[in-house]
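Please study the sequence and the model shown here before reading on.

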Amino acid sequence: MQLKCKGKISHALAAATCSLLAGTGQAATKDGNWDFTHLHYSEVDRVAVDETLLVYEKGKDEEKGFTFKLYHDTISGATPSGAAPSDTYTSPSGQVYNAGAEQHLLPITDERYAVTAEWSRQHDRLQSSSFGFSLSDELDYSSLGLHYSSERDSKNRLETYKKGFSLSLDFINPEGGVPTPLAPTTDTTRYDSEQKAVVDFLAGYSQVMNRRAVMDFNYTFSYAQGYLTDPYKVISVSNSPLQFEYRPESRASHAFFIRSIYNQKGGILKGSYRLYIDNWGVLSHTVDGSYRMRRAWKGWVVKPRLRFYLQSAASFYSYSYFQATPVTGYASSDYRLGNLATVTMGLYMSRKLKSKRMLSMRLELMQQADRAGVFEPVNVFIAQLSYQYSD
Amino acid sequence: MLNSRSNSLPMKLMMIVMLLLLVTSCAEFKQLKPKHVKPWDRDILARPEMQFDADALEDEMDDKIYFSKEASRGGASIGGGGCGCN
């Protein structure tokens, strides 16, 4: 249904028509497209991430296509360890004090390289598929992934049915070794490494609603098995040293996703909603919307964007464990598993430069907060600069 | 209980209610009766900005950010991750 220009000589006329109708669209190229983007992510007084991505794409929407991506990330700063400040708990009775205090920050630095390669094929006028792999390596983590997806249009090309599958095998080698879950941090026993496997399935359906609107429905199921604990995170407990956290060894999740694009006279309205649930007790709602204004300012396309996210805590999460009884089951104080609310607002701008070149940038502010105000909100600044070139 | 390995009853009920809401919304979508758009009327639909992958570079970076900083994943696509960020 997505009316891209499809390849093969027999479709050349359709492709040319698509390009002509697209007006401002990119023409299909045989020599390839180069995309470059750099993202800067910075939390106030915490962690900063710089990610660079280089994309080479050849034969897009033609009979055979190939896409190669090269990633480089650096991370530095500090991240909450899960431990409450030691001078805030004095609770032999199990009562929590100073629950609003900030968690201790753990210095962090890392560098990551990753590549992905994908081959796509247009089988006929209505069917296409793609297959790819990914490799990722950082100081304490390596990953190998495979993915496959296929799409089939209806005969009138107003509907598209999608399915996909991905598998990743991850190897965790934390600095100093893997600690025993729930062991006191004074315990020096360590394991060499741990592994986990993640499989994802997707089933989707897209529909042209009318001349100006399209809708998309996706269901994704994900299952992870293996070491899902964060080896660096700890929990604060009463009358005892800090303990390492402990998460379940498997996780199954479901995501229901709906999105739409509506072309108005002045611009394009995009909206999406996602419902996520998993067997850790996390339930979340995500609403994302943007409005793309055409030629808002001297040839620039401007797009304001707003995103809301609400999440309930994992069943084993607590900001701290100042309780009378010892902690013996799953436990984590990682705020990302807590009762989170995230708001993101931003502005995206893009402009065509010379023929086949485009520059785009975005600036966003994000705030993450505990819905009950247990910890101070985290403020984040996001900036991204992209340059796209069609040969 | 914080160490419980199972979901609480209110959480399960909330999930069921949300699933019913989703099914209901899908049923309403069916009633919207998508119009049959003739091939020669698909000029707007063919524009790059009308494609779901029009902002692929931004979407890819967003997936990484929110996968790292929130406890949810999936929806628009599958895969991702491959890093020790979560």
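How many helices and strands are there in chain A? Chain A has 1 helix and 20 strands, where helices (H or I, at least four residues) and strands (E, at least two) are DSSP runs numbered from the N terminus. The model is predicted, so local features need pLDDT of at least 70 and side-chain atom pairs count only at pLDDT 80 or more, while totals for chains, interfaces and linings use all residues. Residues are numbered from 1 along each chain as its sequence is written, and chains are lettered from A and ligands numbered from 1 in the order in which they are written.

The confidence of the predictor in each residue is given by pLDDT, from 0 to 100. For chain A the mean pLDDT is 86, and 87% of the residues reach 70 or more. Over residues 1-28 of chain A, however, the pLDDT is below 50. It also stays under 50 over residues 87-101 of chain A.

Strand β20 (residues 378-390) of chain A is joined to strand β1 (residues 33-43) of chain A by 11 bridges, and the two run antiparallel. Strands pair if DSSP finds at least two bridges between them. Within this pairing, Tyr41(A) has Ile382(A) of β20(A) as its bridge partner. Strand β19 (residues 357-370) of chain A is also antiparallel to β20(A), with 12 bridges between them. Here Gln367(A) stands opposite Asn379(A) of β20(A).

Of the 391 residues of chain A, 38% count as buried; a residue is buried if 20 or more other C-beta atoms, placed from the backbone, lie within 10 Å of its own. A nonpolar core is a set of buried Ala, Val, Leu, Ile, Met, Phe, Trp, Tyr and Cys residues joined through C-beta atoms within 7 Å. The largest such core has 28 residues, and Ile235(A), Ala314(A), Tyr321(A) and Ala331(A) have the most contacts inside it. At least two core residues come from each of β12 (234-235), β14 (250-263) and β15 (267-278) of chain A. Two residues are in contact if their C-beta atoms, placed from the backbone, lie within 7 Å. Leaving aside residues up to four places away in sequence, Ile235(A) touches several residues, including Gly82(A), Leu242(A), Tyr321(A) and Ala331(A).

The contact between the chains takes 82 residues from chain A and 47 residues from chain B. On the side of chain B that touches chain A, α1(B) gives the most, with 6 residues.

Key
Buried ≥ 20, exposed ≤ 12 C-beta atoms within 10 Å, placed from the backbone.
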